[in-house]
Amino acid sequence: MAVFDNLQLIKEKIKQSAIKSSRNAEDIQIIAVTKTVDIELIQKAIDVGITDVGENRVQELTRKYDVLSDKVKWHLIGHLQKNKVKYIIDKVELIHSLDSYDLALEINRRAGDINRIINCLVQVNVSGEESKYGISPDEVNRFFESIEDLKYVHVVGLMTIAPYTEEKEETRIYFKKLKDIYNNVAKLGFKNTSMKYLSMGMSNDFEVAIEEGANLVRIGSAIFGEREY
Ligand SMILES: *Cc1c(COP(=O)(O)O)cnc(C)c1O
């Protein structure tokens with residue numbers, strides 16, 4: 001089966017990249033990105049060992065959640081609109097895309113309503129591309145300060161999306177930069193923050209990302225094939 005074979009290959013590559021960076025492959029978690037993938041195929045991926053899936057749209061996540069529920073852990077990896085927080089707050093394991101103060105406030109409010117602390121990653125726009133969401137690198141410290149007193153938001157790391165390029169090596173500088181920011185935030189030690197995760201690397205560039213310290217990789221097309229919209 002394609003999904004099984006694809007996963008075997010990806011796991012082998014993860015192992016090689018982990019060795020290169022002197023780490024354990026077991027410490028690197030695959031988030032299977034299931035946007036546009038139908039429920040039957042997601043179920044097959046779960047059957048062959050996928051434990052975590054990532055969706056970038058709230059409506060798609062909730063539709064699939066209705067069927068699959070706690071058979072798998074749900075990650076929200078795309079830009080999250082404030083008015084949609086209420087639909088996913090009780091469903092997600094981790095929000096990868098905390099990218100504004102207002103969003104943090106809304107997550108805090110909705111999480112408070114259900115008395116649950118929500119784990120989030122701060123998305124950083126390391127490349128500075130206009131088209132990308134995320135806190136700009138020189139705003140990161142101020143951002144962490146601004147959300148420090150939000151009791152129901154717990155920041156556990158950082159996320160970034162590198163610019164797309166045919167030449168994988170070109171992504172390395174962006175992953176290095178996120179790692180530097182990560183180390184700095186960890187050193188400064190904000191109240192509601194414990195740095196554990198670096199979510200970086202996709203089908204095209206996960207090996208480089210792992211070599212630079214990623215421990216969450218968000219992989220879609222390399223598992224499920226090219227997306228059809
Ligand atoms: C679609 C998507 C991915 C996965 O992309 P692939 O290239 O298919 O692996 C990862 N992260 C985010 C935020 C995405 O939107």
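**Close-up views of a predicted model**

View 1. Glu55 lies in strand β2, residues 52-55. Strands (E, at least two residues) and helices (H or I, at least four) are DSSP runs, numbered from the N terminus. This is a predicted model: local features need pLDDT of at least 70, side-chain atom pairs count only at pLDDT 80 or more, and totals for chains, interfaces and linings use all residues. Residues are numbered from 1 along each chain as its sequence is written, and side-chain values use heavy atoms, with hydrogens and water left out. Glu55 counts as buried because its relative accessibility is 0%. Buried means under 20% relative accessible area, exposed over 50%, and partly exposed in between (1.4 Å probe, protein chains only). The side chains of Glu55 and Lys64 make a polar contact at 2.8 Å. Such a contact is a pair of N or O atoms within 3.5 Å; within protein, one must be able to donate a hydrogen and the other to accept it, and residues adjacent in sequence count only if both atoms are side-chain atoms. Beyond its neighbours within four places in sequence, Glu55 is in contact (heavy atoms within 4.5 Å) with residues including Lys35, Glu60, Trp74 and Gly78.

**View 2. Lys35, a residue with a UniProt annotation.** Lys35 sits in the loop between β1 (29-33) and α2. An unreviewed UniProt entry places "modified residue: N6-(pyridoxal phosphate)lysine" at Lys35. UniProt positions are given in the numbering used here, feature names are shortened, and annotations may be inferred rather than shown by experiment. With 17% relative accessibility, Lys35 counts as buried. Not counting residues up to four places away in sequence, Lys35 touches Gly54, Glu55, Asn56, Glu60, Lys64, Arg227 and Tyr229.

View 3. In α2 (residues 39-47), Ile39, Ile42, Ala45 and Ile46 are buried. Seen down the helix axis, the buried residues fall within an arc of 115°, so they line one face. The arc is taken from the directions from the axis to the C-beta atoms. Glu40 and Asp47 are exposed on the other side of α2. Among the elements covering the buried residues are α1 (2-20), β2, α3 (58-68) and α9 (221-224). Gly49 follows α2, and its phi is positive, near 115°.

**View 4. Ile223 in the largest nonpolar core.** This core has 66 residues; Ile95, Leu98, Ile107, Val122, Leu158, Val217 and Ile223 touch the most other members. A nonpolar core is a set of buried Ala, Val, Leu, Ile, Met, Phe, Trp, Tyr and Cys residues joined through side-chain atoms within 4.5 Å. A second, separate core of 6 residues includes Ile31, Leu121, Val156 and Leu216.
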